[in-house]
Amino acid sequence: MPNRLAHETSPYLLQHADNPVDWWPWSAEAFEEARRSGRPVLLSVGYSSCHWCHVMAHESFEDQATADYLNEHFVSVKVDREERPDVDAVYMEAVQAATGQGGWPMTVFLTPDAEPFYFGTYFPPVSRSGMPSFREVLEGVRAAWTDRRDEVSEVAQKIVRDLAGREIGYGASEAPGEEEQARALLGLTREYDAQRGGFGGAPKFPPSMALEFLLRHSARTGSEGALQMAQDTCERMARGGIYDQLGGGFARYSVDREWVVPHFEKMLYDNALLCRVYAHLWRATGSELAKRVALETADFMVRELRTNEGGFASALDADSDDGTGTGKHVEGAYYVWTPAQLAEVLGAEDAELAAHYFGVTAEGTFEEGASVLQLPQHEGVFDAKKVASVKARLLDARRERPAPGRDDKVVAAWNGLAVAALAETGAYFERPDLVDAALAAADLLVRVHLDDRAQLARTSKDGKVGPNAGVLEDYADVAEGFLALASVTGEGVWLEFAGFLLDHVLVRFVDAESGALFDTASDAEQLIRRPQDPTDNAVPSGWTAAAGALLGYAAQTGAEPHRAAAERALGVVKALGPRVPRFIGWGLAVAEALLDGPREVAVVGPELGDPATTVLHRTALLATAPGAVVAVGIVGSDELPLLAGRPLVGGEPTAYVCRNFTCDAPTTDPERLRVALGG
């Protein structure tokens, strides 16, 4: 019989709806039940494409004896971290403070007042490698709760006090300058893996936001070292197993330093961020590899993540049915190949070519003799038609395999990132279908996620809005997507919607005294602490994303409160950038835009669709000037504020470039415009 999760919209929660555990969703009612019954709360946090979440579910939450024990002694609450990043952030901070590490599944025991007192991540069904079994943990927690309740309450209250004392040392509320940006670059250089690209050791994550900083810093300063680090890292990732050599798109991370074996889940946010980075790398260098990867990644998102309503699904699982008929799910089964499997699809001769081209070996690079496809550097030249034929046949054969599960939940923030990436990639490479896909996703966000007060819901599924309020990253990333659409399409409505969202940021998320930002709104559900994290991890933090969107909006509109808020927010980048540049990459990228102006470009033409206007508009979009904003429209139009008072010169389409309250002479010449924008 299904439990309470059967009525939820989250695919992750629905995966647990048939567990014998009497799960509650996160709700006031769950904690009321804990108070009424005198039981502690088991909080289990995960997400649908999390491999070890599935393992623990199968081992423990599907086990009747474990479920019976939980149901008798605990109130069990299941949370999708992607739906409730605020709940996840608050308790993950407690886990990391107590244990020095974190991860998912996250297992936390709470008092009925939601105060945490015992923590962990994955617990096995039987003790091993020094880890207690889940049943041992449950019995130990129950004994402590029953026999030492006062002591447990004291511990919980101390943890909450300690968390409350961990307020961010915000420092000066002024943006970083040349010196801090240079020190951040030096810090990245020290951590750079010159042999393999990227930063740090294994596991190695795609550093999309740090790459954006490197590209912008190079564009502003001419730093060849910054550009080289970005270019080499992008090439190594694109040639590695972390990139899907057949279908496009990136896996979450590489388990090794060489980018060979990925953790195979594919997240929307990684692919949106990396699509944009590769498009920007092409814009800076003309690299054909960067162009191919940007377009393949965009096509992957549209082909495999797009929902029926026009939004983008959150993720594809790492695991899938291994195809043996046993129903067993294996990580990477959909993506890896043995020499025998190549021969079965391609025949002996082409299989030999494919094995050489993609680095498939008899020993394998993954498990049980299978290999993850890569693009090793080769001597000599391959027949391009033959390679294309091999790829097409392998892709067709792969489509016959059982596909990984898809988390169809539409997350506002990640869709905002996808809108920005697809709008820009479509414009750069003259792919109007990609711009249309961005517009459709933006339309869904407006129709389904925005209410009549322009407040944003975090998620939707199947066109039905979810119950959870948007957090700062939702407002900021959706505004970022809308600003990109305004620059690409010239449609003022997207700038207007971005303004609605950013007004909420100023009123409901910014601390009026310090300029610091919080991850949740002032009127959001009160947790044991109000989450606040400026560091960029898998995605830009809400803090730095808001700084970027506020700055871009101010450049488009001249709105001084938005620019002032952006500059104050960047104070945290001044404090953290020189010390931990890998973890505030988007903040550093926004600071580069501020140092460059950012530049404001207005392109006016005599009529819609005028070819010469289109050329000037495209030239402006292809400028590498960090954070430049673009407005395009008919002369005399009031569609976008930057177009006001911009006449044609000599009756010709004309571009105006301004920054820091100073404007260049208008030009009708695309080449002069390109030079004026640092091209």
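Biologist: Which helix gives the largest share of the lining of the largest cavity?

Modeller: α18 does, with 5 residues. This is a predicted model: local features need pLDDT of at least 70, side-chain atom pairs count only at pLDDT 80 or more, and totals for chains, interfaces and linings use all residues. Residues are numbered from 1 along each chain as its sequence is written, and side-chain values use heavy atoms, without hydrogens and water.

Biologist: What counts as a cavity, and as lining?

Modeller: A cavity is a set of points, on a 1 Å grid over the protein atoms alone, where a 1.4 Å probe fits but cannot get out. Lining residues have an atom within 4 Å of a point.

Biologist: How big is the largest cavity?

Modeller: About 540 Å³. That volume is the space filled by probe spheres set on the points, which are joined across faces, edges and corners.

Biologist: Which residues lie nearest its centre?

Modeller: Arg216, Arg276, Glu424, Gly627 and Ala628, out of 34 lining residues. By class, the lining has 21 nonpolar, 7 polar and 6 charged residues.

Biologist: And the second largest cavity, what is its volume?

Modeller: About 120 Å³. It is lined by 14 residues, and Tyr243 and Asp244 are among those nearest its centre.

Biologist: Switching topic. Where is Ile634 found?

Modeller: In strand β17, residues 629-634. Strands are DSSP runs (E, at least two residues) and helices are H or I runs of at least four, numbered from the N terminus.

Terms used:
1 Å grid on protein atoms, 1.4 Å probe; cavity = no way out; pocket = protein on both sides within 12 Å on 5 of 7 lines; lining within 4 Å. Nonpolar A, V, L, I, M, F, W, Y, C, P; charged D, E, K, R; others polar.
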